[in-house]
Structure formats: C-alpha cells, structure tokens
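Work through the following exercises with the sequence and the model at hand. Each task is followed by a solution in steps.

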Amino acid sequence: MARCNDNDIVWTYRNKKKMKKLLLSLPLIIIILISSFLLIYLLQKKDPNKPPSALLNENLPEINLVNLFNEEEILSNYNLKEKTILINFFASWCAPCKVEHPLFFDIKKKHPNLYLIGIDHKDIKEDALKYLNEEGNPYDYVGVDKKGSVGLDFGVFGLPETFLVNSSGKIIYKYLGPLTKKVFKNEIKPLLK
Amino acid sequence: MISLIGFGGLIFSLLCSIILIFIFFIQNKKYSETIFYYALYGSVISIIISFLALMFSYVSSDFSNYNVFQNSHSSKPLLYKITGTWGNHEGSMLLWLLIMTFYNLFFSFNKKLDDDLKKLTIFFQSSLYTCFVLFVLFTSNPFLSTSIEIKEGLGLNPILQDPALAIHPPMLYTGYVGFSLVLSLALAGLILNKIDIKWIKTTKNWTLFCWSMLTGGISLGSYWAYYELGWGGWWFWDPVENVSLMPWIAGLALVHTLMITQKEQLLKRWIVFLSILCFSLSVFGTFLVRSGILTSVHSFAADSSRGIFILILFLVITGFSFIIFIFKSTDSNKKLNLLFINKSSALIVNNIVMLVACITILLGTIYPIIIEVITNKRISVGAPYFNMTVLPILLPGFLLMSVAPALSWQSNRLPKFKNYLILFILMSILSSLITYFTHFNVWGFIGITLGLIVIGASTLSIFHNYAKYNFKQFFLRNNAFIAHIGVGIAILGVTCSSVFQTEHRRSLNIGESINIGKYSLRLEDTKILEKNNYQELLAYFSLYENDEILSKIKPSKRYYHVSKMITTEAGIYHHWLQDFYIVLGNQKDNKWDIKIYQNPLINFIWLGVMIMILSGLIGIRKK
C-alpha cells in the first residue's frame with residue numbers, strides 16, 4: 001500500500017513538473033506561431049502597395065482622355081486595341097511621383113513596344129506642363145484627368161499608381177506607390193513576355 | 001568623403017563589439033578585462049562619429065549621400081536639417097544603434113552589481129547591438145552615395161517639420177531601445193542564477209527610466225497628432241500607436257511588479273518573463289512598422305527584404321531568450337500570500353489587467369494579417385474594436401489603483417477604511433451631479449467617477465501619511481500616490497475630451513462671427529505670408545467671452561514648395577478648462593469653411609502624463 005502511494009506522489013510530482021515546463025514554453029510557442037504567419041505573409045509579398053483590386057483581370061474601363069498638350073486630341077479605347085499599355089497616374093503636386101519618374105525613361109528605352117500613358121490626376125494644367133518640362137516626358141501620351149473621374153474608374157487610392165494592360169485589353173497588374181526598378185524587373189517584366 | 005567616415009565608423013563599431021564578444025570568452029584576467037572595456041568604449045565612440053557624420057551630411061546638405069538626397073532639401077531650416085537625420089528609416093536606425101550603445105556605456109559605470117553579472121550583461125547587450133548593426137549594414141545603410149551629381153534633395157515630409165516631432169523619435173527610442181538593456185540584464189541574471197535583490201534594484205531603475213522616456217515619447221507623438229493632423233483628436237488607434245503602446249503596457253506591468261516586490265523578492269520568474277517581453281514587443285513593433293506590413297501615418301519606405309531580416313532578428317532574440325527562460329528559470333520558495341484584498345492580490349490583478357490589455361491590442365493589430373494569409377481577404381480593425389475591448393478591460397485596474405498602494409501585505413485590512421468609503425460615496429455623488437447638470441453619457445459617467453475616485457483616494461492616502469516625513473522623504477514615500485493622481489487626472493482628461501467634445505462647422509465671411517455658448521468667435525482677417533521654405537495662409541480669429549476678448553487664434557495652412565504639399569496647422573487656444581481648436585478649410589465665394597472643436601479638459605491629459613513621467617523618474621531615487 002505504502003509503495004503504491006509513493007509512486008502516486010512521484011507521478012503527480014513529475015506531471016506537475018511537466019505541466020510547468022509546458023507553461024514556461026508557451027511564450028516561445030506563441031512567438032513561433034505568430035512569426036510563421038508573418039513570414040508567410042511576407043513571402044507571399046502581400047505588401048500594402050498591392051491591395052487586392054477589384055479591377056484586376058477585368059477589362060480596361062471606358063476612357064476618353066484629352067491630350068495635355070493638345071486639347072483637341074482624344075484617346076479612347078479604340079486607339080488602344082492590341083497594344084500592351086502601362087498606365088501611370090501622376091500629378092505635379094505628388095512628391096513620390098517625382099521619385100519614380102526617371103524610371104519610365106528607362107522602361108521606355110528598354111521596351112519600346114510598351115505604350116506608356118501618363119494620366120495627370122487632379123492637377124492644374126500649367127503646373128503639369130511645367131513639371132513635364134522640368135522632369136522630362138517619358139510618356140507616349142499624356143492624358144488629363146482634371147476632375148479625377150478617370151482615377152475613380154480605375155479605383156485609384158493615392159498617387160502614384162501604375163496599371164499594366166495586356167494586348168487583349170485586360171488589366172493584369174496594379175501597383176500602388178512609387179514604382180521601383182526591383183518591382184519592375186521582378187513583377188512587371190515577366191508579365192511582358 | 002563624409003559618408004565614408006560615417007560608414008567607417010559604423011564598421012569599426014561593429015568590429016569593436018565583435019572583439020568584445022570574443023574577448024568575453026577568454027579567461028586570461030590580466031588583459032581581457034581591459035580589452036573588454038576598451039572595446040566597449042571603442043564601439044561607443046565610433047558610432048558617435050558615424051552618427052555625427054550623418055548629421056553633418058544633413059546640415060551641410062551633402063546630396064551625394066543618397067539618404068540626404070531623399071530626405072532633405074537645402075532650403076529647410078537648420079533645426080529640421082538636424083532632425084532630418086532621424087526623420088527617415090535609415091537615419092532612425094542609426095539613432096537606435098547610438099542609443100543602444102549609450103545604454104551599454106552607462107550601464108558599465110554601475111558599481112553595485114557583481115562583476116560577472118555586469119560583464120555578462122554587457123556581453124548580451126553587445127550581442128544585441130551586433131545584430132542590429134548587421135541589420136543596418138545589410139538592409140538600411142544610411143551612407144549609400146550617388147554617383148551622379150545632384151544639386152537638390154527631395155525634401156523632408158512637411159508634416160514632420162515640427163518641433164514636437166523633432167524630439168519625439170529620440171525620446172521614443174530611448175524608451176524602446178532601453179528595454180534591450182533590461183533584456184540583457186534578465187538573460188545575464190538567469191544564466192548566472194543571480195536574480196537577487198541587487199539585480200531587482202538595478203533592473204527597477206533602468207526599467208523606470210526607459211518607461212518614463214517611452215511615456216514621454218508616446219505622449220509627444222500624440223500631442224503632435226493633436227495639433228498637426230487637424231482632426232481634433234489625439235489618439236487614433238493607428239497601428240503604429242498600438243505598436244508603441246504594447247511595450248509601454250508590458251513595461252508598466254514590469255515597473256509595478258519590480259517596485260512592489262523588491263523587498264520581498266517574489267514572482268521572480270514573472271519579472272524575468274516581463275523583462276523579456278518588453279524588448280520582444282519593441283522589436284516586434286519595429287518589425288511591423290518597418291516591414292511596411294502595416295500602413296499608417298508613419299510611412300517608412302517599405303521593403304520586404306528588410307521585413308524578413310527584422311523578423312529573423314526578432315525570432316532569434318526572443319527565441320533565444322525564451323529558451324533560456326525555459327531551462328534556467330528557478331522560482332523562489334516564497335509563496336504569494338494571496339488574500340481577498342491585499343498587496344499581492346492587487347498586484348496579480350494589476351498584472352492580469354495589463355497583460356490582457358496588451359494581448360487584446362496585439363490581437364487587433366495582427367488579426368488583419370492573419371486573416372489575409374488564411375482567406376486572402378483584407379479586413380480592417382479600427383478604433384471601435386479597441387475602444388470596445390481595451391477600455392472595459394482597464395476599468396477594474398483603475399478601480400483597484402485608487403487604494404492599491406495603501407494596502408498591506410499580510411492582512412485584508414485597509415487602514416482607515418471608513419475614510420475611503422466616505423470618499424467613494426462622495427465622489428460618486430459628485431460625479432452623478434456633474435453628469436446630471438451636463439448631459440448623460442455612460443462612458444462619461446464611468447470615466448469621471450473613476451477619475452475622481454482615483455484622485456480622491458490617492459490624495460486621502462497622502463493626507464494620511466502627512467507629517468510623517470520631511471520634504472524630501474515626502475515625495476519619495478508618496479511617489480506611488482502622486483503617480484496615481486496623475487493617472488486620475490489623465491482619465492478625467494481622456495473621458496471629457498473624447499465624450500464631451502463638440503464640433504461646429506461654419507462658413508464665415510471676414511468680419512462675421514459665430515456664437516458658441518457664452519463664447520463668440522470672430523474672423524478678423526486673412527493674410528498670406530512668405531516663409532523660407534513654405535507659403536503660409538493665416539487666418540486671424542478673436543475669441544470673446546461675454547464680449548470681453550480672451551485671445552487671438554491663428555489657424556493656418558502651409559504650402560511647401562519643395563514637396564508640393566499642403567499642411568494644416570490648427571489654431572489652438574488653451575483655456576485651462578477647455579481647448580478651442582480651429583481648423584481652416586477651403587474658401588468658397590469669399591467665405592471660409594472652418595471647423596471648431598471644443599475639447600474640454602484636454603490639458604488634463606498632458607498634465608497627468610507629465611506627473612506620471614516625473615514620478616517615474618522620482619521612483620528611480622526611491623530605495
């Protein structure tokens with residue numbers, strides 16, 4: 001009888017010790033769990049610059065863009081048939097746009113077949129002309145979106161934003177924020193082929 | 001050239017701390033001791049040189065430095081050139097390193113701790129430092145230079161050009177980074193099994209200092225948000241705010257546990273756990289902000305490789321610490337003497353409340369990320385969640401806080417219990433009267449009652465102690481009560497400014513005025529001023545109380561030429577009972593849109609926070 005009781009005591013003691021160790025390792029387990037979630041998130045590259053967009057894989061919205069340099073010229077979907085297009089929303093008042101601006105010269109040089117459209121979003125014409133005069137104009141066509149209605153059709157959150165449209169007129173890629181060389185090389189370039 | 005010096009300083013500092021780490025393992029007493037400390041001084045001096053080099057590049061507008069080019073402009077005022085040094089990701093990480101070594105240096109002057117404990121702490125602090133230097137070198141080097149010649153920079157974000165925000169990051173980091181020393185102390189104490197009274201005292205002092213600085217940093221940030229963002233509020237449950245609040249709460253729990261148990265040496269394991277948790281949360285917060293996972297007003301340039309690096313750093317630091325924690329922790333044999341209401345049970349409730357609040361905030365902050373990983377949908381968790389969850393959790397804590405410092409260890413008795421009871425009843429009646437004569441709101445009533453009870457009970461406790469001590473002793477002895485009075489004042493401020501805030505929107509011609517209760521506000525004039533790097537549109541308002549002029553208020557809008565941004569500068573008149581807060585809107589047909597907020601008792605928040613910080617610092621002196 002007595003031996004049995006001893007064993008019981010030893011058993012509960014060991015169990016208690018085990019429970020204690022388990023309790024102590026709880027923070028470690030939680031941290032590993034959280035970190036692995038975050039790692040998955042990072043590896044999926046779901047950064048906030050690319051929110052899940054309603055427009056992705058949809059057709060290009062109906063557009064009628066007035067040329068910034070010539071008010072009589074209008075660009076519409078008809079003119080854009082079977083072209084691969086990169087649409088960039090910018091404005092003279094937008095500082096990050098200035099950062100990404102030089103990249104478009106680079107892109108134009110390396111991909112002459114890509115049709116570059118700049119859309120001047122909620123801007124004053126004189127400022128925009130001055131901006132393009134100072135920074136240079138990499139775009140094939142600069143459209144005016146004075147009231148922001150085109151931006152609304154595209155679901156623009158904030159400037160700059162860039163959309164890639166394939167030759168069948170579908171938006172296949174969207175980037176929020178200033179485009180970088182790395183993003184272009186890793187994400188847009190593969191889509192161009 | 002100057003960038004090269006800065007970069008060299010950074011590398012040399014890294015070398016020094018690596019030497020320190022290696023020399024620690026060499027047992028030869030004769031030389032290793034001197035080299036150990038010289039390596040420490042070397043790494044401090046070289047990081048100072050490195051930081052000064054970056055600052056010099058900013059001041060002299062050296063745009064060959066890519067970091068300066070991206071974040072500065074030659075027309076900026078000198079103050080903001082200096083503060084621009086830490087107004088961006090790379091520079092702020094350099095500041096982080098600087099503060100980290102400073103903690104190491106000042107800790108090395110400690111004479112009370114045993115030599116081996118001290119050296120091991122310095123060793124761990126240097127190891128942490130080395131990790132962060134590597135992070136800076138590989139992912140956020142502030143000394144990259146551009147090969148092409150650049151005449152002008154892109155400019156600092158105008159909303160950051162503000163005196164409060166100039167000191168906000170250094171103060172915040174002094175808090176955040178300081179917890180690294182607390183972590184090092186905890187690890188060293190665990191390994192050497194020296195969590196004794198000396199360890200607790202030292203840790204208490206450092207924790208109090210860090211916590212006070214963190215409090216200062218957070219409140220400066222929220223004061224800035226109050227007058228700069230023009231939304232009339234001061235706390236928005238923005239992810240970055242939450243991320244700074246978590247280590248703050250953990251630190252608060254740690255401070256309380258250390259202060260209360262220092263004589264009895266209870267709950268050692270728990271203290272070590274909290275010490276590790278504080279810095280873990282700091283690094284975790286840094287990760288969330290700098291990886292760009294969370295978007296907020298603090299937009300640092302996001303870069304996923306940077307995120308992965310910090311995540312690994314976080315995992316290594318916390319993983320290592322918690323593994324040591326599992327294997328080395330030993331608890332004291334002393335058992336807590338838990339009664340219905342005594343000091344130990346109050347302490348336990350305090351810790352539970354703080355920890356639950358901390359976890360709730362953590363959950364709300366990372367829940368959207370977890371959901372997006374699982375379901376690929378984006379949800380947002382905003383202020384309503386936090387208000388509905390965090391505030392009720394804090395309530396029992398606030399209630400207990402009113403009497404906790406006066407409780408005893410051994411018995412259920414609260415000395416002079418009757419006085420407190422009478423006070424509670426009086427305060428409840430007072431608060432009922434206040435809400436009866438203003439307008440009733442549940443949260444308003446709860447907040448005011450709690451605030452009054454906390455202030456009243458703490459004052460009563462001080463009164464009971466009165467005449468027992470001389471002047472200097474008086475502050476040290478009553479420090480806990482004074483801190484709690486600060487909290488009570490802040491509770492009143494928070495409640496009144498959020499529940500009883502009123503908002504008026506009007507359009508005014510020049511010369512027109514509007515009436516708000518017994519006050520009237522007249523738009524006198526508008527003016528355009530040309531300043532060095534911005535153009536300012538100023539509106540002059542006069543505030544009258546019963547036809548007597550109280551003050552002039554000048555809200556404005558600024559247009560910054562370089563970044564082509566418009567910022568609003570709210571015009572605020574601080575009356576001691578309320579703030580008049582005016583935001584200038586657009587002009588339409590000669591009329592100006594204006595928004596006026598009346599924020600009652602908002603100054604109480606800043607006053608309360610200041611009292612908390614001060615008594616935190618006084619607490620360091622308490623033996």
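**Exercise 1.** How many residues lie between β2(B) and β3(B) in their hairpin, and which residue in the turn has a positive phi?

Conventions come before the solution. The model is predicted, so local features need pLDDT of at least 70 and side-chain atom pairs count only at pLDDT 80 or more, while totals for chains, interfaces and linings use all residues. Residues are numbered from 1 along each chain as its sequence is written, and chains are lettered from A and ligands numbered from 1 in the order in which they are written.

*Solution.* 
1. Locate the strands: β2 of chain B covers residues 513–516 and β3 of chain B covers residues 519–530. Strands (E, at least two residues) and helices (H or I, at least four residues) are DSSP runs, numbered from the N terminus.
2. Check the pairing: the two strands run antiparallel and are joined by four bridges. Strands pair if DSSP finds at least two bridges between them. B:Asn515 has B:Ser520 as its bridge partner in β3(B).
3. Read the turn: two residues separate the strands of the hairpin, and B:Gly517 has a positive phi of about 60 degrees.

**Exercise 2.** Which strands stand at the edges of the open sheet of chain B, each with a single partner strand?

*Solution.* 
1. Write down the order: the open sheet has four strands, β1-β10-β9-β8 of chain B, with antiparallel pairing.
2. Take the ends: β1 (502–508) and β8 (571–574) of chain B each have a single partner strand, so one side of each lacks a neighbour in the sheet.
3. Inspect one pair: β8(B) is joined by four bridges to β9 (residues 578–588) of chain B. In this pair B:Gly571 stands opposite B:Ile582 in β9(B).
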